[in-house]
Amino acid sequence: IEAAENAGAKICGIWSQDWCGCRRTGFGYQVMWNWQWDRDLYRDLDKKIVEWKEKGIRFLGYINPFLAIEKNLYKYAAENGYCVKDKEGKDYLVTITTFPAAMVDLTNPDAREWYKNIIKDNMIALGMGGWMADFGEYLPVDSVLYSGEDPQVVHNRWPAMWAQLNREAIEEAGVQDEVFFFTRAGYTGTIKNSPMMWTGDQH
């Protein structure tokens, strides 16, 4: 921000994917999927967000439907049965690039409420002006869902369900006029819930 301002550039926002921490893998520098502010990586972020907002600069973060299995949010989700299961009844761990991760079951009403509260408490309350609601396309077609629905049928609807969860979190927090999110994966129904689409990652 300082470098851009010193160069005379006007800034309306800054987007930080790793606000919640990072992990080093063979793939490179990747986000730690534990949706809580990493106070070691971003010291005084809560104060800086207020400072930036006063200058007209909004802070954007990042979230997706996965949970890092080595962190506390996954532990809570696993203990409460909030994750998509495999046919043996275990949490279905999906390998993304080089590491396994669990996926929150969006057909479980309790899991949906819990995840919406994570967005409200850890992102909106922190002062974020928005975030990328990434992924949504990875539901395994051989998984077992809380709702009992066929995952092959639900698979394509999953991105729209993910977008709807994010929209509801913003509306329930009463900040729909100042906070937004953008999505990458999509299907019929995504656009009515998502304010904007990210057109990267086309591979």
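Visitor: What covers the buried residues of helix 4?

Guide: In this predicted model, the cover includes strand 4 (58–63), strand 5 (66–68), helix 3 (72–79), strand 8 (130–133) and helix 6 (158–172).

Visitor: Which residues of helix 4 are buried?

Guide: The buried residues are A111, R112, W114, Y115, K116, I118, I119, K120, M123 and I124.

Visitor: How far apart are the end C-alpha atoms of helix 4, and why does that agree with its number of residues?

Guide: They are 21 Å apart. This agrees because the 16 residues of helix 4 (residues 109–124), at 1.5 Å a residue, should span 22 Å.

Visitor: Which residue caps its N-terminal end?

Guide: N108 does, with a side-chain oxygen 2.9 Å from the backbone nitrogen of D110.

Visitor: Changing topic to S16: is it buried or exposed?

Guide: S16 counts as buried, because its relative accessibility is 8%, under the 20% cut-off. The residue is found in the loop between strand 1 (13–15) and strand 2 (22–25).

Visitor: What does the side chain of S16 reach?

Guide: It reaches the backbone nitrogen of W19 at 3.4 Å. A polar contact of 3.1 Å also joins the side chains of S16 and D18. Leaving aside residues up to four places away in sequence, S16 touches Y42, F59, L60, G61 and Y62.

Visitor: And the largest pocket: how much space lies in it?

Guide: About 520 Å³. Its lining has 20 residues, and T97, D134, F135, R184 and D201 lie nearest the centre.

Visitor: How do the lining residues divide into nonpolar, polar and charged?

Guide: There are 10 nonpolar, six polar and four charged residues. Strand 3 (residues 28–31) gives the largest share of the lining, three residues.

Definitions and conventions: Residues numbered from 1 in each chain as written. Predicted model: local features only at pLDDT ≥ 70, side-chain atom pairs only at ≥ 80, totals over all residues. Heavy atoms only, no water. Helix = DSSP H or I, 4+ residues; strand = E, 2+ residues; numbered from the N terminus. Buried < 20%, exposed > 50% of the residue type's maximum accessible area, 1.4 Å probe, protein only. Polar contact = N/O pair within 3.5 Å; in protein donor to acceptor, adjacent residues only side chain to side chain. Contact = heavy atoms within 4.5 Å. 1 Å grid on protein atoms, 1.4 Å probe; cavity = no way out; pocket = protein on both sides within 12 Å on 5 of 7 lines; lining within 4 Å. Points joined across faces, edges and corners; volume = space filled by probe spheres on them. Nonpolar A, V, L, I, M, F, W, Y, C, P; charged D, E, K, R; others polar. Expected span 1.5 Å × (residues − 1).
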